[in-house]
Each structure stands twice: as structure tokens, then as C-alpha cells.
Amino acid sequence: MKSLLQKISNRPQGHGLPPACYTSGKFLKLEKKKLFLHEWHCLGRTDEIPELGDFFTIDLMSEPLLVVRETEKDISVLSNVCRHRGMPVASGSGNTQRFRCPYHAWTYDLDGKLRNAPLVPKEHLDKDCQLPRLKTRCWQGFIFVSLDANAVWPENQDMQALIPLEQHLANYHMQTMHHAISFVETWECNWKSLVENFMDGYHLSVVHPESLHHLTPTLLCKKVTGSEAFTAYTANYGKLAPARENHHPSLTKEQVNQSQLFCVFPSLIASVSADTLVYLALHPISVNKVSVKWGVATFESDLTDDEINIRVEKWKQINNEDHEILQRLQAGLKSEHSVTGPLAADNFEGTLHDFHQYLAHKIGIEAVGDL
Ligand code: FES
Ligand SMILES: [Fe+2]
């Protein structure tokens with residue numbers, strides 16, 4: 001592990017990470033310790049649960065979580081583990097006034113407080129008994145959580161570092177886009193490969209010759225200056241791309257003909273255009289499996305199901321093409337002969353360099369002693 005981390009910190013500027021970073025269980029353990037138990041992770045969109053009592057469940061690093069619209073204004077993320085004997089209290093999604101554990105019917109209010117524990121003497125119960133509340137923040141319509149009770153937002157320096165991204169994306173008004181649909185899938189690849197793939201304009205014309213090349217060809221991609229909290233690039237539309245009719249009036253003519261792709265480190269990747277936002281929230285399962293919650297939001301609030309389906313089907317195709325190539329990549333990375341080479345010019349793979357800088361900063365070579 002030490003030599004792997006040394007290789008990362010000594011690698012030349014703009015070089016791929018050593019293949020073992022994508023295949024080593026020990027490295028994933030380190031990522032879990034340094035990134036996934038402390039950083040902020042996206043769980044979905046605020047308007048997936050617009051009404052009081054709306055909720056959905058999701059796992060993050062094997063932690064069952066319950067995301068609930070606790071008041072008209074507030075969204076909470078609670079531990080979805082019953083305080084009686086550990087049963088997940090809720091499953092799936094829906095709307096409720098209170099949560100009733102399916103095992104022995106302990107019930108909890110929307111804020112997680114225990115309301116009733118049938119047949120348990122009152123004096124045996126902790127009067128403050130409640131489902132633990134996790135640190136939660138909403139940003140640009142995304143729900144974020146941290147598993148670290150001491151995580152800080154937005155005073156945290158890294159989150160200040162999101163301000164340039166907010167400015168870059170401001171005219172798209174992502175926070176007012178309308179949730180259309182979301183899916184949870186398991187992709188057979190390392191989570192970092194998926195971040196890199198989404199943020200690499202280099203592969204667009206090769207992997208997506210039918211679905212994207214005519215819209216966002218590789219040669220028109222342009223890197224955006226990132227920070228320690230994000231990386232981004234602009235995919236400019238080719239001449240054959242159809243005009244986007246519906247969009248926020250604050251968008252410039254140039255912005256109407258662009259998609260902005262960004263990664264909020266470490267695990268939210270997204271693409272926003274004049275009329276559509278697509279995001280993928282990544283939650284690693286193992287070195288070669290990642291749980292992907294992906295969703296689509298639209299600028300328009302009045303689209304028909306057929307109109308929404310056209311956009312969703314398009315992204316299903318793009319995601320299938322990416323998933324297929326990433327599965328094959330994972331097989332290659334496992335080879336004893338696997339190596340990584342220099343990255344392409346900044347506009348095409350410079351975002352990977354930003355991501356690697358973030359990883360090197362967060363994981364740090366001094367962590368080796370803790371393994
Ligand atoms: S485990 Fe929930 S009521 Fe028993
Ligand atoms: Fe792709």
C-alpha cells in the first residue's frame with residue numbers, strides 16, 4: 001500500500017492513477033475511511049419528496065438511511081434502523097404521518113422521535129429515544145448527507161470552494177428544475193472509473209458515436225477551472241444539435257448551446273443543459289461494484305410522460321454505453337500487465353487531473369501508518 005501511495009504522489013502531472021487504485025480492497029478501505037465516512041454525499045433531489053411526510057430509503061456505505069420531508073421546508077436524513085432490535089424501519093418510498101417498524105410495531109414521528117413502543121414499560125424507555133439524525137444539507141436542489149457527525153457545511157473551506165461552480169451554473173437555475181424520475185442500479189466497475197468516465201470529454205466521440213458525437217463531439221469540449229471541491233467541463237454543441245426551445249430566460253445564447261458537466265467531489269456527477277439535468281450519485285459497494293442512483297430533472301414542469309420518456313431513454317442509452325465500456329475497463333485494470341499512461345490535453349481529460357489532486361489531498365500518504 002505504501003508503494004502504491006508513493007506512486008500516486010510521485011506520478012507525473014496529468015497521468016492516470018496506478019491500476020491498483022481501482023482493484024485493491026485495501027485502497028477502497030482507505031477511501032472509505034478518508035472519504036466516504038467524512039465527506040458529503042448526494043442522496044437525490046429535494047423535490048423527489050415535495051410533500052410533508054414524503055420519504056425514500058437508500059443505503060450509503062452499508063448504512064440504511066431514511067430521507068424524509070419532516071416539515072414543509074425541511075428535509076431530514078435519519079438512520080433507518082429501529083432502536084428496538086435493529087430492523088430497517090421503512091423501505092422503498094412513499095408518504096406517511098409516522099414510521100412503523102415492521103417487526104414489533106415501534107412507531108416514530110417524522111423527526112425520528114419514538115412515539116410508541118407497544119408493551120414496553122414506559123420506565124424502561126429512554127425518554128429521548130429517537131432515530132439518529134445525520135448531518136444534512138441541500139445545495140442546488142440536491143440532498144447531501146455526511147456520515148460524520150462533525151462534518152461542517154458551508155463554513156468548511158471545501159464548500160466555499162463550490163462558489164465558483166455555483167456561479168458557473170447559476171443561469172441554469174438547477175434548484176428550480178423539476179424531478180422527473182430516478183433509478184438505483186448497480187454498475188460493475190470501480191466508482192472512480194465512473195467519475196473519470198463522466199468527466200472525460202475524450203471518450204464522447206468514440207464510445208457514443210450515435211448518441212452523443214453529433215451533439216457534443218469531443219473536439220468541442222472545454223475544461224472549466226476547478227477547485228479543491230469540484231471539477232467541470234463544458235460540452236459545446238455541434239452544428240447538427242437540435243435547438244433547445246425551452247429554457248430559463250437568464251441563459252445566454254452560448255449557454256443554450258452547451259451542457260455543463262461537473263463533479264462535486266467525491267461522488268456526485270451531473271450534466272445540466274438548458275432543459276435537462278441528469279445526475280448520478282455514486283455509493284461504492286466494493287472495488288468493482290458501485291451503487292448508482294441516477295435521476296433526471298427538467299426545466300419544464302408540464303411535460304407529458306412521452307416527452308419525459310424521450311429524454312430518459314436517451315440517457316439510458318448513454319448510460320448503457322458507459323456501463324458496458326466500464327465493465328470491460330475493470331477487467332483490463334485487473335491484469336498484471338495493466339498500466340496507465342499520460343492524460344489527454346486539458347480540455348479533454350484535465351478534469352481527471354483535478355479529481356486525482358483531490359484524492360491525493362484527501363487520502364494523503366501519511367494515512368499509510370493507519371492501515
Ligand atoms: S425491531 Fe423494530 S420494533 Fe422490534
Ligand atoms: Fe460517456
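Into which domains is the protein divided? In this predicted model, in which local features need pLDDT of at least 70, side-chain atom pairs count only at pLDDT 80 or more, and totals for chains, interfaces and linings use all residues, side-chain values use heavy atoms, with hydrogens and water left out. Residues are numbered from 1 along each chain as its sequence is written, while chains are lettered from A and ligands numbered from 1 in the order in which they are written. The protein comprises domain 1 (2–39 + 157–370) and domain 2 (42–146), with bounds taken from an automatic or database domain assignment.

The C-alpha centres of the two domains are separated by 30 Å. Contact (heavy atoms within 4.5 Å) involves 22 residues from domain 1 and 18 residues from domain 2. About 1,800 Å² is buried between domain 1 and domain 2, and carbon and sulfur atoms give 62% of this area; buried area denotes the accessible area (1.4 Å probe) that two parts lose on being put together, summed over both. Of the area that domain 1 buries against domain 2, 28% is supplied by His-179, His-283 and Lys-293, more than by any other three residues.

One salt bridge is counted between the domains, a salt bridge being a side-chain nitrogen of Lys or Arg within 4 Å of a carboxyl oxygen of Asp or Glu. Lys-293 forms a salt bridge with Glu-48, with 3.0 Å between the closest N and O atoms. On the side of domain 1 that touches domain 2, strand E16 (276–286) is among the elements that give two or more residues; E16 gives the most, with five residues. Strands (E, at least two residues) are DSSP runs, numbered from the N terminus.

Definitions and conventions. Helix = DSSP H or I, 4+ residues; strand = E, 2+ residues; numbered from the N terminus.
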